[in-house]
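Hi,

Here is the structure I promised to pass on to you.

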Amino acid sequence: MSGADAMWLHADRPNHLMVIDGIMWTAEPLDPARLRRTVQERLVDVYPVFHQRPAAPAHPWELPGWEDDPDFSLSHHLHHAKLRKPGGDAQLRAFLEKKVRRPLDRTRPLWETWVIDGYGGGSVVFSRLHHAMADGIALAQVMLTLTDPTPDGQDPPPEVDVHRAGRLGSLVSSATGLLRATASLPTAPVTALKGVGVTRKLLLDVLPDSRFSHEPGVEKRLAWTRPQPLADVKAIGRATGSTVNDVLIAALSGALTRYLRSFDESVDRLTTMVPVNIRPPDQPLPRELGNKFALVMLHLPTADMSPRQRLDEVHRRMEHIKHSPEVFITSAVAEGIGHLHAVEKPLVDFFAGKAVGVTTNVAGPQQPRYLAGVEVTGVLGWVPGSGGQTLGVCIFSYAGTVRVGFKVDAATVPQPERLVALVEAELDALRRLVTPDRAGSDASRPAAARSGPPTT
């Protein structure tokens, strides 16, 4: 393992399992036998870590590794379940929330997938993969290699040879675009000066006290928005000179502001960590996978301001991060922590304590995909938090729509559907900047955004 892989392996805590949780909804029930063949051929046979388990190092100063599981069976990892009637959102969320609090078995490869039937007219595929295997962006790419462009058509086998260009990047990419921006950093003196600023931010930043800054427990809650038309978000961006990511982060910031205000709380900013892909975008994933990403700290503007002012402020802050060396500095920090076994946990907790959680924004396929011959109608996935973090946010765009999902500490946010409603309200407020006569009208939205599970 790399130092970063080892850091995530060692970072498991009862209240923060280092597991990436992902869900895919399908329009019709899945064929278990066909799905089983697909998982075997496209995951287990391609990426060794799906049939390997963690192996302790021979000496204390060495890093752990991976070894083949001598008792490997797909049946240990691919499971089936059926929701209780009536098989709606409440039953699905209860099933997921029960599973996300359970640690993975470290004597076996660190992943499991549940095929859940009885949800409306289709199925739900719920995957749990340990962060030591790979980062969230890589695992999203890997899981989407299970899908095809048509019910009967299959993509070419995924490229895993580092000497050839692959197609995985077209399925999933980082929506923030931070990697491209940092490729052309300022001159050395300016970079050094900004590096001092980033170091000060990493070491001296203090998280304002709020409802979100409590010690998390084991229980988690999940909730997500209705699918929002991506065309609306792009239109807002074009009209305001901002990006899709800016618009969605502004909506999130406004929702958190209004949520705190409902408890008579107010803070000028809330800090969230944002993962950024640092793999070369034109190269396929290596067979060994692993973690190749950085975490940057984004100060969400949560002071009292108008939706347009908040959007402009998000854009300004994102642009500042794009032109700073923060990505490279935090990547080096994560790699180094994995080698410092004696002080690994205190260091992880120190840096985690500077944010309320992690926010991911991933751009998925622009066209519908098919899993074992059945159309996928939606995708979401959460990366884990750590330390005292209580608020995980996932933004995932797919087939012309985008969803915002929450994975939160149950004691801190016992009703995450309130956050869901506030995000949707903030997006409606931003729509009014562009189309005042249509904002908030569900009838004005494309059919794809009005149909398909789930609603909250």
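Predicted model: local features only at pLDDT ≥ 70, side-chain atom pairs only at ≥ 80, totals over all residues.

**Salt bridges**

The count of salt bridges comes to 20. One of them pairs aspartate 21 with arginine 128, with their closest N and O atoms 3.2 Å apart. Aspartate 21 sits in strand β1 (residues 19-26) and arginine 128 in strand β6 (residues 122-130), so this pair ties together parts that are 107 residues apart in sequence. Both aspartate 21 and arginine 128 are buried. They also belong to a network of salt bridges that links Asp21, Glu112, Arg128 and Lys407.

Aspartate 148 and arginine 42 form another salt bridge, where the closest N and O atoms are 2.9 Å apart. Here the partners come from strand β7 (residues 147-148) and helix α2 (residues 32-44), so parts 106 residues apart in sequence are tied together. Aspartate 148 counts as buried because its relative accessibility is 4%, and arginine 42 counts as buried at 11%.

For a local example, look at arginine 308 and aspartate 312, whose side chains meet at 3.0 Å, N to O. Both lie in helix α9 (residues 307-322), four residues apart, which is about one turn of the helix. Arginine 308 is partly exposed, with a relative accessible area of 35%, and aspartate 312 is partly exposed at 37%.

**A crossover and its helix**

Strands β4 (residues 78-82) and β5 (residues 111-119) run parallel and are joined by five bridges. Between them the chain passes through helix α3 (residues 89-100), making a right-handed β-α-β crossover. Within this pairing, alanine 81 has isoleucine 116 of β5 as its bridge partner. The end C-alpha atoms of α3 are 16 Å apart, which agrees with the 16 Å its 12 residues should span at 1.5 Å a residue. Buried residues in α3 include Leu92, Phe95 and Leu96.

**Cores**

The largest nonpolar core has 64 residues, and Ile23, Phe50, Leu92, Leu96, Ile116 and Trp224 touch the most other members. A second, separate core holds 42 residues, among them Val276, Val314, Val408 and Val423.

**A loop residue**

Is serine 210 buried or exposed? Although found in the loop between α6 (188-204) and β9 (220-224), serine 210 is buried, with a relative accessible area of 3%. Its contacts beyond four places away in sequence are Leu260, Glu265, Val267 and Leu270. The C-alpha atoms of serine 210 and valine 267 are 7.4 Å apart, although 57 residues separate them along the chain.

Best wishes

Methods. Residues numbered from 1 in each chain as written. Heavy atoms only, no water. Pairing = 2+ DSSP bridges. Helix = DSSP H or I, 4+ residues; strand = E, 2+ residues; numbered from the N terminus. Right-handed = clockwise from strand over helix to strand, strands pointing away. Buried < 20%, exposed > 50% of the residue type's maximum accessible area, 1.4 Å probe, protein only. Contact = heavy atoms within 4.5 Å. Core = buried A, V, L, I, M, F, W, Y, C linked by side-chain atoms within 4.5 Å. Expected span 1.5 Å × (residues − 1). Salt bridge = Lys/Arg side-chain N within 4 Å of Asp/Glu carboxyl O.
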